[in-house]
Amino acid sequence: MANTQAMTTAFKVDILRAYHAFAATVVRGATTKDTFNIALYLASASRGAADTVYSTTGELAGTGNYTQGGIALTNATAPTSSGTTAFWTPSASASWAALTSSGSFDAAVIYNATTATTPEVSVHTFGAQSITAGTFTLTMPTNDATTGLLRIA
């Protein structure tokens, strides 16, 4: 099975349960926004909408300047909406310097690193990459209702 890009079904349910906080002004008891990480997955992995929590299965190995668990996303942009579409995009691109991948990879997973259960948010696919001592950057799209990284219409 190949990776498939999707906002996880579990995340959709979590939104309705107010489980995640992408902004500092939250309705639940917490007073700070959650930390969201992004991790890279091998082309041979099977990540997709059925995922529920972060897993190292299929993730790049912790070698070549990559640490399993990925990196924290810069979250300085609060979720907002336009028309009937709500959206959120990290406020900076994610980048790994001097990366040597442990194999061909074609997916990135965003997950909530604040909670002990590390619930998965989404899977994003791209063309397969294999890098030796290079910089890999995931450039974030414009934060709007048409191209925002997470959009709920």
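**An open sheet, a buried asparagine and a pocket**

Five strands, in the order β1-β8-β7-β2-β3, make up an open sheet with antiparallel pairing. β1 (6-7) and β3 (71-72) sit at the edges with a single partner strand each, so one side of each has no neighbour in the sheet. Strands here are DSSP runs of E with at least two residues, numbered from the N terminus, and two of them pair if DSSP finds at least two bridges between them. β1 and β8 pair over 2 bridges, with M7 opposite S122 in β8.

This is a predicted model, so to speak of local features takes pLDDT of at least 70, and side-chain atom pairs count only at pLDDT 80 or more, while totals for chains, interfaces and linings use all residues. Residues are numbered from 1 along each chain as its sequence is written, and side-chain values use heavy atoms, with hydrogens and water left out.

Now for N37, which is found in strand β2 (residues 36-42). N37 counts as buried because its relative accessibility is 12%, and buried means under 20% relative accessible area (1.4 Å probe, protein chains only). Leaving out residues up to four places away in sequence, N37 touches G69, I71, A72, L73, V109, I110, Y111 and A113, where contact means heavy atoms within 4.5 Å.

What about the second largest pocket? Its lining has 7 nonpolar, 6 polar and 1 charged residues. Ala, Val, Leu, Ile, Met, Phe, Trp, Tyr, Cys and Pro count as nonpolar, Asp, Glu, Lys and Arg as charged, and the others, Gly among them, as polar. A pocket is an open set of points on a 1 Å grid over the protein atoms alone, where a 1.4 Å probe fits, with protein on both sides within 12 Å along at least five of seven lines; lining residues have an atom within 4 Å of a point.

Note on methods
Helices (H or I, at least four residues) and strands (E, at least two) are DSSP runs, numbered from the N terminus. Buried means under 20% relative accessible area, exposed over 50%, partly exposed in between (1.4 Å probe, protein chains only).
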